[in-house]
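Please look over the sequence and the structure before reading on.

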Amino acid sequence: MGLQPLEFSDCYLDSPWFRERVRAHEAELEKTNKFIKELLKDGKNLIAATKNLSAAQRKFAHSLRDFKFEFIGDAETDDERYIDASLHEFSNFLKNLEEQREILALSVTETLIKPLERFRKEQLGAVKEEKKKFDKETEKNYSLLEKHLNLSAKKKELQLQEADNQVEQNRKHFYELSLEYVCKLQEIQERKKFECVEPVLSFFQGLFTFYHQGYELAKDFNHYKMALQINIQNTRNRFEGTRSEVEELMNKIRRNPQEHKRANHFTMEGYLYVQEKRPAPFGSSWVKHYCMYRKETKKFSMIPFEHRSGGKIGDAELFVLAYCTKRNADTIDRRFCFDLEASDRPGVPVTMQAFSEEDRKLWMEALDGKEAVLINLNKANAKREGSAQLDKIGFTIIKKCISAVETRGINDQGLYRVVGVSSKVQRLLSLLM
């Protein structure tokens, strides 16, 4: 199977698999770049060293034979097969010429060297510049996002709104750049099929005029040459015909990405930061995961993935969801948080952080999340007569708490001896409530 297609809608999910497909396209273009460099070097050797002509042609033929265009999708078209096979045919033609051992005087500067150099500098060079901008924007986007998510919820509302606006503007800019980069990758993959092959075809046409015996070979080659020209033109026509449609699709998705979200078997998927507990005194850390959830089976899976560390996919974790609860701002120092509990780990909630309040609402809706139920102990209301009363069950709970404190307080942190970690204290209080 060839290269996987890049979908514009995937730019907004920016999933690990999307990044793997982007890297595959980049690797293919780098391979094309190396191939063109090698081909140019070989072509110049033909011009500069007549006495080494035979050796240079063999290497040139070897370069052509070993290179293969990767196609996009599940199967090649007939035109793509002919275009891909054309390099092998060119290689065979060179071998036949070499058998004749004739000394050739050939100028390939205008027909081969310049077009390939122009394609490499203008087209592949432009993709490299786009890649640099894309990588730089990726680093900037997720660094700013992580910094933003570390903001304390206790800051002023105006500061938080300004920070939210800044992150949203940066995210939109990142998505714009991602769409353009994907479009450029798709375009260059199609463009190379004719812009790389046409100079080679012109080079072979030039050869025919310099060889007497090559003329006879050219007649035998003519039928294939004509078929290849049709294949190249077909590829070019398809490229020109679909280019406007691709741009229209890109703009349509750009205007409203949610409406064009690609259908799949997951109810919800996307990135979440997961709180990971560490031994004292290190506290906890927040690690970005790509999470997927299916409501039908209640299966929740998450994979650690960090864009800035080379994009290595970590080990997946899968569990069956028991419940989901929204975290109130007064129980944790981060915003947009909610708790999940696995059915096989009751009483051990996993705290997660969404990218925004809207993102949290989408996750809560998909996960059938509930609002956290807390007891509000307001000092002013407590002074009113009859505003706070304990029944028999309430007294039993208080007695158990006092007994636990008296039994364990001398040894456990946060009770008598050493101040406890705020997050642990809040978690215990939340469980009690």
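This is a predicted model: local features need pLDDT of at least 70, side-chain atom pairs count only at pLDDT 80 or more; totals for chains, interfaces and linings use all residues.

Does Asp-344 count as buried or exposed? Asp-344 counts as exposed, because its relative accessibility is 57% and the exposed class begins over 50%.

**Helices H2 and H3**

- Two packed helices are described by the angle between their axes and the distance between the axes.
- For helix H2 (residues 16-48) and helix H3 (residues 53-66), the axes cross at roughly 160° and come within 9 Å.
- H2 is therefore roughly antiparallel to H3, since angles over 145 degrees fall in that class.
- The crossing of H2 and H3 is left-handed.
- On the H2 side, the contact is made by Phe-35, Glu-38, Leu-39, Asp-42, Gly-43, Asn-45 and Leu-46.
- On the H3 side, the contact involves Leu-53, Ala-56, Gln-57, Lys-59, Phe-60, Ser-63 and Leu-64.
- By residue class, the contact of H2 with H3 comprises 7 nonpolar, 4 polar and 3 charged residues.

**Salt bridges between separate elements**

- Side chains of opposite charge can pair when their charged atoms come close.
- The structure holds 31 salt bridges.
- One of them joins Lys-44 to Glu-117, with 3.1 Å between the closest N and O atoms.
- Lys-44 belongs to helix H2 and Glu-117 to helix H5 (residues 109-149), so this pair ties together parts 73 residues apart in sequence.
- Lys-44 is partly exposed at 41% relative accessibility, and Glu-117 is also partly exposed, with a relative accessible area of 23%.
- Glu-371 pairs with Lys-326 in another salt bridge, where the closest N and O atoms are 3.7 Å apart.
- Because Glu-371 sits in the loop between helix H9 (357-366) and helix H10 (379-382), while Lys-326 is in strand E4 (residues 317-326), the pair ties together parts 45 residues apart in sequence.
- Glu-371 is exposed, its relative accessible area being 52%.

**Arg-345 with Asp-344**

- Asp-344 and Arg-345 meet through their side chains in a salt bridge, at 3.8 Å from N to O.
- Arg-345 is partly exposed, with a relative accessible area of 32%, whereas Asp-344 counts as exposed.

**A salt-bridge network**

- Which residues are linked with Arg-191 in a network of salt bridges?
- Glu-187, Glu-195, Arg-243 and Glu-247 are linked with Arg-191 in that network.

Terms used
Residues are numbered from 1 along each chain as its sequence is written. Side-chain values use heavy atoms; hydrogens and water are left out. Axes are lines fitted to C-alpha atoms, for helices over the stretch in contact, and angles run from 0 to 180 degrees between N-to-C directions. Helices (H or I, at least four residues) and strands (E, at least two) are DSSP runs, numbered from the N terminus. Angles under 35 degrees count as roughly parallel, over 145 as roughly antiparallel, 65 to 115 as roughly perpendicular and the rest as oblique. A crossing is left-handed if the near helix is turned anticlockwise from the far one by less than a right angle, and right-handed if clockwise. Contact means heavy atoms within 4.5 Å. Ala, Val, Leu, Ile, Met, Phe, Trp, Tyr, Cys and Pro count as nonpolar, Asp, Glu, Lys and Arg as charged, and the others, Gly among them, as polar. A salt bridge is a side-chain nitrogen of Lys or Arg within 4 Å of a carboxyl oxygen of Asp or Glu. Buried means under 20% relative accessible area, exposed over 50%, partly exposed in between (1.4 Å probe, protein chains only).
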